[in-house]
Amino acid sequence: MLDFFNSTQSIHAIIIVGSMALFFIGFYGIATQKNLVKVLVSFDIMESALFLFFIGLHYKVGLVAPIVDDKTKTFTGMVDPVPQAMILTTIVIGLAILALGLSFGIEYYKLTGRNDISKMNELRD
Amino acid sequence: MNSIFLLLNILPILFLYQFGGDLHVSFSLTKDFTLSLIQTPLGTFFAYLSLISFLLVTVSQKSKKLSCNYYALQLLLSFAMLIIVLAGDFITFFIGWEIMTWSSYFIISKSNNIDIKSLQKYILFSLASAFSLIAAIVISYSFANSFDFATISASFKSMPFDIQLTLIILFSLSFFTKAGVIGLHYWVVDTYSKAPDLFSSILSAVMSKMGIYGLFLIYGNIVGYQELKIMFGTILNGTDFGYTLAWIGVATSIIATFKAITQDEVKRLLAYSSIAQLGYIIAVIGFGTTYGVAGALYHTLIHTIIKLLLFINVAAIIAQTGKNRFSELGGLIYRTPVSFVMLLIGIIGLAGMPPLGGFASKFMMYNAAINTKFALILIGMLFSGAASFLYCYKLVYGIYLGHPTSKGLETQKEVPLSYLIPQIILALLLVLTGAFPGAFVKVINPILTQFSLKALPYDGVGIMDSAVGNFNGLFIMSAFVAFFVLILLLISRIKSKAKNNINRFDISYCGEVPSKDTSLHYGFGFGTELHRIKFVNAILKRSTATFYDALALQTKRSSELLSRMYYGNIHNTMIIILLFFSALFFIGVNS
Amino acid sequence: MSLGYYFLLPVIFSFLTPYFKKLGSFTLRGSSILLSFILFVQSIAYTTMKLPQISQFSIKPPLGIAFVLDGYSLLFLLIFTFSAVIVSFYMLWYFKVNPKRDEARFYVFFNMLIAGSIGMILSCDIFNLYIFFEIVGICSYTLSAYNKDKLGLESGIKYLIIGSIASIFIVFAIMLIYLQIGTVNLGLIAQRFHEIDPKISVLIVLMLFIGFGTKAELFPMNFWAPDIYQGSISSVNGLFSSVVAKAYLFVFFHLFYLFGLSSKYMLFVMVIGAITFLVSEFTALNQTNVKRLFAYSTLGQLGILFMALSTNSSETVSGALFHLTSHSISKLLIFLALGILIHHLKSTKISIFGDFKSRFLTIIFAIGFLSILGIPPFSGFVGKILILKGFALSHNYSAIAFILLVSIVEAVYFFRLTAMMLDKKGTKRVVHVGFINYILLCVLAALIVIFGLFPSLLIHYTDLAANALINPTDYLKFALGVGL
Amino acid sequence: MIFQIILLIMLAYVVGFIYFGLYRNILARIQGRYGPTIYQSFYDSIKLFSKKNTVNYGWMFYLGPIIMATGAVLTLILVPVFSDSDFLRSATSQGNLFVLLYLMVLGPLGNALAVGTGGNPFGVMGVVRGLTRLIGLELPFYIAVVGLIIAANSSDIVHIIDMQKTGGLNIINHPLLFIAAMISMVGFFGESPFDIPGAPQEVYSGPRTEFSGKFLALLMSQGSLFAFAKLVLIIDLFLGGADSLWMLVLKTLAIFVTIIFIGVVYGRYKVEQAVDFLMKIPTLIALLGLARVIWFG
Amino acid sequence: MSLKKTLPIKHIVLSILSSALLLSLLGLLMQVKTDLHKSVGDIFLNLNMQTATANAVTSVVTFFRGIDTVGEVTVLFLATSGVALMLSTSQRTYAKIIKQDSFILNVGSRLLLSVIILFGAYIIIHGHLSPGGGFQGGVVIATAFLLLFLANPNMDLNHSILTLGESLSGSAYVLVAIIGLFKVNMLLGNFLPHPVSEIGNLISGGIIPVIYVIVGIKVGSEMAVIVEYFVKEEHEKEIENA
C-alpha cells in the first residue's frame, strides 16, 4: 500500500498540498497579524512554502542528488540542480531581508515602543 | 531699460514690414513636427495689431519702474503672439499659445494686488483652453496625419460629421475661453482687474484677440465658411451655425453689459465691457458672409484701439491717484483735462457713436445681420449697445466728473506724458477710422479673398459702402466739426456774464448748502436701479461663480474622499493587495 | 567595456567603501562621483555603438546569464546613470550641511541602488532580474529609513513589507515559469510562453503583475508609496521617482511585450494606469505635505506612462518614453530643489513655497512644473503631445480626453505652488542655493529646455527604444545567444 | 446746400416751438386751464438767450449743450424731410438709419457730460434715469426699426420711403411695428408715463437743473429741433414721408397730437416700472410685428 | 462588547478567502505539467562534466549562474550594512556590560569555537565535492561567533579584521569575475585549469572552489557582524530595563 506513496505523482500531490497549505498559513498570517515580527515570520513561512513547493516538484522517484561520487561516475539520473541553486539564493535573500526588517523593527520599537504595523501612522498628511 | 525694450519691440514690426507678405520659414522640430511660419493676410493684420499695441504699451510703461524680467516676459509674450498669428501649422500655433499663457501668467503675478485665487483662475482657464485646443489638434491629426493647416483643411471635408462637430466645438471652446464668452468668462474679470494696470490693456486689447484670431482661423481657414454652410444648413439668409454662434455672442454681449454697469472697480467695468465687445465680434464671426467677416475684423481693430486707450488712461489715473474705484474717484476733469478728453474720445468710440471709428465697425456688423435677416441678433446687438451707454457714462462720470470723493483728488496733476502720447495716438486713430472708414476696406479685402468671400466695394476713403445702406464718415465728421464750431462761435458771441470758477458746492440742492462731507458724487450709485428691473436683475443676480465654486468644492470633496485611501495603514494596504490579487485571480483564471 | 561592469564596479566600490572612508571623505565622495561618472560616460559611449550589445557571464545564453543592452534599455541606462551623476554631486552639498550623517553607507546604498536598477534593465534572466530587484529593494528600504527617525523607520518598514509581498509573488511566478518551461532565460520564456497551460499562464502573468505593479506603484497597490516619499530625504525621493520607479516600470513593460500578451491585458493595464492617474492627481489636490504632493504627482505621471506604454503602437510608446525621460529629469530637478528648500526652512509643509525668496529657485521650480504639465517649450510638452498623437492615431479619443481633463486637476496644485512662490505677501526667507546645486539645477533645467526645443536629440533614442520594446526580435536573438 | 440747411433749421425751429406751444395749450385745456399763448416757447427762448448765466462750471459745462445742439442739427440734416424733392438730398444720402439711431444719443451724451461737470447729484440722477430708461425705450423702437430695415432690406431711409410708394404705407403693412414705435416715441418725447429723467418734482428737472441763461435757451432750441427731426423720422418710416410742406405739417402734427394724447392721460412710472413695461407689452407687440415681417413680409 | 468586536469578521473573511484561494490554486497546480521542455538544469547536468565539479549544484551556483551569486553576496552585504546602519551605536552612549560572564560557558565555547570554525571551513572547502558550500559553511562559522556572544556578552569582535575579510573577499570575487573577462573573454569565466580528469579531487573545478572560499569568508564575516549587532542590541535593552 505504501507503494502508492512511492510514485512521483503522489509525492508531488502531497508536496503541493502541503506547501500550499503552508503558503496560505503565511498568507493568512500577513493578512491578519499586525505585529511586525509576526508579519516577517509569516513572510518567511510563505517563502519556505515556496521553496518546498519548488524543490519538491523537481524531485522524481529514482533520482538522486546531483553530486557524483565514486559510485555514479556521470551526471545522469540526477535531479535538476538549478532549482536548488535558485532556492539557495532565495534563502539567503530572505535571510537578508529578515535581518534588515528586524533591525528596522528594533530601532522603531526603541523610538516609539510600538511594533504594531497597523498603528504606524505618523506618515500622513 | 524702457528704451531698449522699445527698440526691441520695434524690431519685429520692421522685420514683418521687410518681409512684405512672403514670410515662409520652417524649422524641423522632429521628424514628425515641422514648425512653420507662413504669413497670411489675416495673420499679418493681427500681427501688426498686436505688435503696435505692444509698442504703445511699452511707451506708456516708461514712467513705471519695471524690472528687466517684466520687459523680457512682455517681449516673450509679444513674440508668442507673433508666433500664433504667423503659424502655419497647429504645433507652432499651440507652442505660441502656451508660451503666451505662461508668460502672461508670470507677468500678471508681478502685480501688487494679485492674489492666488485669481492667478489660479487665470491659469486654469487658460490651460483648459489650451487642453481643449490640443485635443482638437490631435483629433484632427488623427484624420489628416499632419499638423499643417492646409492639409487639415483639405482633409476636413472627409471626416465624419460627429468628428467635424467635435472639432469645431473643441476649437471654439478653446478660443471662446480666451475671448471670454459668457460662461467661460469667470477668469476674465478678476484677471483684467488685478493684473498690472498697464498690462490689462494688453490682456484686453491683444490677448483676447488671439481668441478671435483662432476663431477666424478655424471658421475661415481650416473649416471654411462654405464648408460650414454645407455642414449645418441654412436658416433665413444665413447659416444655422452662424445663427447659433450669433446667439452666443449676443448673450455674452448683453449679459456682460449689464454686469459692467454695476461694477464699482474701474478695471472690472472695463473687463466686462471687453467681454461685451468681444461678444459682438463672436456674434458676427460665424455668419460667413463678407459683411460678417468684415464687421468682425473692423470691430477687432476698433476694440483694440479703444481698449488700449481706455486701459492706459485708467492705468494712468490709478497710478496717479492710487485709487481704482468709482467710489473713490471723481472730479478730475480740470485736474487732468487731457486725460479726460482722451477718455471721452474713447467712450464715444466704445459706445459706437457716429463721428468716430466705433460706429463704422458697428455699422458693418449690423449690415451683416441685415444681410442674413438675423433680426433678433441685430436687435440684441442694438439693445446691448443702448445699455452700454450707461457704463460708458459711468466710466467718464465716475472718474472725471462730479465731485471728488476722497482726499487728494483736488490737487492731482496731469498724468505723465508717457501715458498721454499713446493715448493721443490712439485717439487720433479712432478719429481717423471714423472719418475714413473706407480706408480699412483695403486691409480687409485680401483677408476676404483668403476666406474666398466676395470683396467689399470701395467707393472712396471716406465712405463705408454696403448693399443695404452706406454712410460717409468724412461727411459726418466734417459736418459734426463744422456745426460744433459754428454753434460754439454763435453761442460765444452771445455775451452773458457768468460767475466763472464758482464754488463747486454752489448747486441746487433742495435749498440747502452741501458741505464737504455731503456725498455728492453719484458715481458708485450707478446700476442700483438696474437691480429693481426684473429682467436685468435676473441677469445680474446669476453668476457663473456659483457654478465654478461648486465645481471646485466638489473637486475638493472628491479629493478628500480619495485621499482617505492613502491614510498610511500598511496592514490594510497589504490586505488590499492580497484582495486585489484574489479578485484578479478568480476573474482571470475562471475566464 | 563590458556591460558587466555596470554591476561589478559599483559592487567592488561598495565592498571597498570602509577603506575609502578611512582614507577620508574626499576620497569617498570623489570615488563615488568618479564611479557614477565613468558609468555615465560609458553609457554615452554606447549610444554610438551598434545595438544590441551583450555581455555574457560564465556561459553562453540561453543557458547562462547575460546582460543585453538594446535600444529600450539604453534609454533607461542613460537616465539612470545621469541621475546617479547628478545625485552624487548633490550629495556633496547634502553632507556638507548634514555633517553627522553616515556618509559611507549612504554611498554604498546609493551606488547599489543605481547598480541594481541597471541590472534590472540589463539582465536577460528573470531570476537574475529578481536578485537585482531585491538589491534595489534592500537599498531603497534602507535609504528610505536613512534618517533613522520615526518617519524614516516607518517608511522603511512599510517599504520592506510591501517589497516582501511583491517579491513573494515574483518568486512564485518565476518558480511556476521554471516548472512549466524549464528555463528562466527571458528569450526562451518569450519563445515558449504560449505553450504554458493558459490558466497557469494567467496565474504567472497575474503574479508578475502584482509583484512589479506593486513596486511600480499602480493604483490599488500604491497606498504605501506616498508614505515612503514622505519619510525619506529629498535626494532619495528624486532617485525613487526618476530611477527606481522607472526601473520597475521598465521591467513591467519589458516582460509585458516579451510575453506577447494579448490586447485584453493591454486594455486592463491601460485602465489601471488611467485609474492610477486619476486617483493620484485628485488625491494630490488635498495634500499639505510637499513630499507627499510630489509623490502623488509621480504616481500620476506613472499612470500616464502605463496608459501610453500599453498601447503597442510605436508612436505612443516612443512618446511615452520621451515623457518618461522628461519626467525623470523634471522630478529630479524638483526633488533636489525641494531638498534645498526643506533644509533651509526646516519644514515639509506646503507653505514653504510661500516662505522662501530666491529668484533662481522660483525659476527652477517653475521650469520643473511647466515641464511636468507638458507646456511648451519644455520637454514635457513634446512627450505629452507625442503620447496624445499616438492615441489620436489609434483613434483612442477617450484616452486623450481623459489625460487632458485630469491634467487640469494636476495643473491646479502645480500652479497653486507656483502662485505661492510668486506671491509677494508674507515674510520671505532668503534661500542660498550653493554653488554645486546651482550648477546641477542649471544643468537639469537646461536639459529640460534643450529637449523641449530640440526634441530630435532625444526622439532618436526613444524611437529606438520604442521599436526595441515593441518588436524585441533583436533582443531575443541576443538573449537566446543566437550567433554569438 | 448751406442755404437749405439754414432753411431747414429755421423750419424745424418754428415748427418745433409751435408744436411745443400747442402741446402746452392742449395740456392746459385737458386740465381745465387756459394755458399760455402758442408762441410762449419762442418768447421764453429769446428771453433766455439774453439772460445772464447764473453759474458756469468750466469748459465742459460750456461745451455740453453745444455738443447736444450739434447732435440735434446733425440729426436734422440727415433725416430726409421731403420724399420726392432733392431738398438736402446730398446730405441725407451720406447717412442711414443706424447713423440716426446713434446720433440721437450723441446729443444727450453731451448734455450728460455737462451735467456731470456741474456736479449736481440730481442732474446726474436724471441722466442715469434717462440712460436706464433708454434700455427699455430703445428695445421696441429698435425692433420696429429693424423690422422695417429687414422688410426693405436696406438701412437707407430714402429707400424705405421709396418702398412705401409702391408697396403701401408701412403703417398699414406693419401696424404692430408702428404701435411699438409710437409707444417708444412717447418716451422719446419725454411724455408721461415715461417722463422720468426730467421729473421736476423728483429730481429738480433732472439734467437741466444747473443750466440757465443761454445754455438753457440752447437746450430748449435743440429740443425743438430734435423733436421735429424725430417726428419727420417717424413719418418717413411709417407714413411714407411727405411730398410737400403741408403734408409734412399734417403728418407730423397727427403723430405729435397722438403722442400728446397718450402722454397726458397717464401718470409717471418709476424707472424700473417703465423699463419693465417697455420690455413686456411694446416689445411683445414689436416682436409679433417682426415675426410677421420675417415670415410673411 | 458589540457584536462587531466579539466576532472577528475580518479574520473569518480572510480565512475563507485564503482557503478558497488555496483550493483553486491547488486545483490549478495539480495539473502542472513539468516536462514540457527539457529544463536548463538537465542541460547543465550534461555540461557539468566540463566544469570538473563533482557537485552540480555548486557548479550551477558559482559558475553557470555565477552572477546570481555575486548579487546574492551583495544582497547579504547590503543587509549587513543596513543592519549596521540601523543598529550601530556610534551615535548613542553605549554602556559597557556589567553582567558577569560564566567561566564554564566561556571556556567551553572557546573550545567549541575552533571545532565549529574548522567544520565550517571544511564545508566551504568541500563545497564543490559534497553538499554544502560557501553559504552553508559561512553560516556555520557565524554560529561559532554566536556561541561566543551567547557565552560572553562582553565579547567584542575585531571589526577591522571582519571588515577586511568582508571587503577583500567581496572584491576578490569581483576581481575573479573580471579576470575571467580578460582570460577567457567572459565575465566569471573559468580561467583556472579545470581538467575533467581531476573531478572529485579537492583541487578541481578551476575557479569554483576559489569562489566558494571567497563566498564562505564573506558570508561568515557578514553573518558574524549581523549576529553581533543583534546580540548587542539585546543586551542594550537589558541594560535599559535594569
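## Chat about a predicted multi-chain model

Me: What comes just after α1(B)?
Reply: Gly20(B) does, and it takes a positive phi of about 75°.

Me: Zoom out. How many helices and strands does chain B have?
Reply: Chain B has 22 helices and six strands.

Me: How much of chain B is buried?
Reply: Buried residues make up 61% of its 591 residues.

Me: What share of the contacts in chain B with a separation of 6 or more comes from residues 24 or more positions apart?
Reply: In chain B, that share is 78%.

Me: Now chain A. Which elements does it have, and in what order?
Reply: Chain A has three helices and zero strands. From the N terminus on, the order is α-α-α.

Me: Why call chain A more spread out than a compact globule?
Reply: Because its radius of gyration is 20 Å, well over the 14 Å that the globule rule gives for 125 residues. Its C-alpha trace spans about 65 × 35 × 25 Å along the principal axes.

Me: How much of chain A is buried?
Reply: 48% of the 125 residues in chain A are buried. Take the contacts in chain A between residues at least 6 apart in sequence: 58% of them join residues at least 24 apart.

Me: Interfaces next. Of the seven pairs of chains in contact, which share the most contacts?
Reply: Chains B and D. There, 59 residues of chain B are in contact with 65 residues of chain D.

Me: Which element of chain B gives the largest share of the side that touches chain D?
Reply: α16(B), with twelve residues. By class, that side of chain B has 42 nonpolar, nine polar and eight charged residues.

Me: And chain B against chain A: how many residues are in contact?
Reply: Nine residues of chain B are in contact with eleven of chain A. Helix α22 of chain B, residues 570-590, gives the most to the chain B side, with five residues. By class, the side of chain B that touches chain A has five nonpolar, four polar and no charged residues.

Me: Which chains does D not touch?
Reply: Among them is chain A: the nearest C-alpha atoms of A and D are 55 Å apart. No contact joins chains C and D either, and their closest C-alpha atoms lie 39 Å apart.

Me: Last one, Glu281(C). Where does that residue lie?
Reply: In helix α11 of chain C, residues 263-285.

Me: Is Glu281(C) buried or exposed?
Reply: Buried. Glu281(C) has 27 other C-beta atoms within 10 Å, and 20 or more counts as buried.

Me: What is Glu281(C) in contact with, leaving aside neighbours within four places in sequence?
Reply: Gly300(C), Val406(C), Val409(C) and Glu410(C).

Me: How far is Glu281(C) from Ser379(C)?
Reply: The two are 98 residues apart in sequence, and 20 Å apart in space, C-alpha to C-alpha.

Methods: Residues are numbered from 1 along each chain as its sequence is written. Chains are lettered from A and ligands numbered from 1 in the order in which they are written. This is a predicted model: local features need pLDDT of at least 70, side-chain atom pairs count only at pLDDT 80 or more; totals for chains, interfaces and linings use all residues. Two residues are in contact if their C-beta atoms, placed from the backbone, lie within 7 Å. Helices (H or I, at least four residues) and strands (E, at least two) are DSSP runs, numbered from the N terminus. Ala, Val, Leu, Ile, Met, Phe, Trp, Tyr, Cys and Pro count as nonpolar, Asp, Glu, Lys and Arg as charged, and the others, Gly among them, as polar. The radius of gyration is taken over C-alpha atoms; the globule rule is 2.2 Å times the number of residues to the power 0.38. A residue is buried if 20 or more other C-beta atoms lie within 10 Å of its own, exposed if 12 or fewer, and partly exposed in between; C-beta atoms are placed from the backbone.
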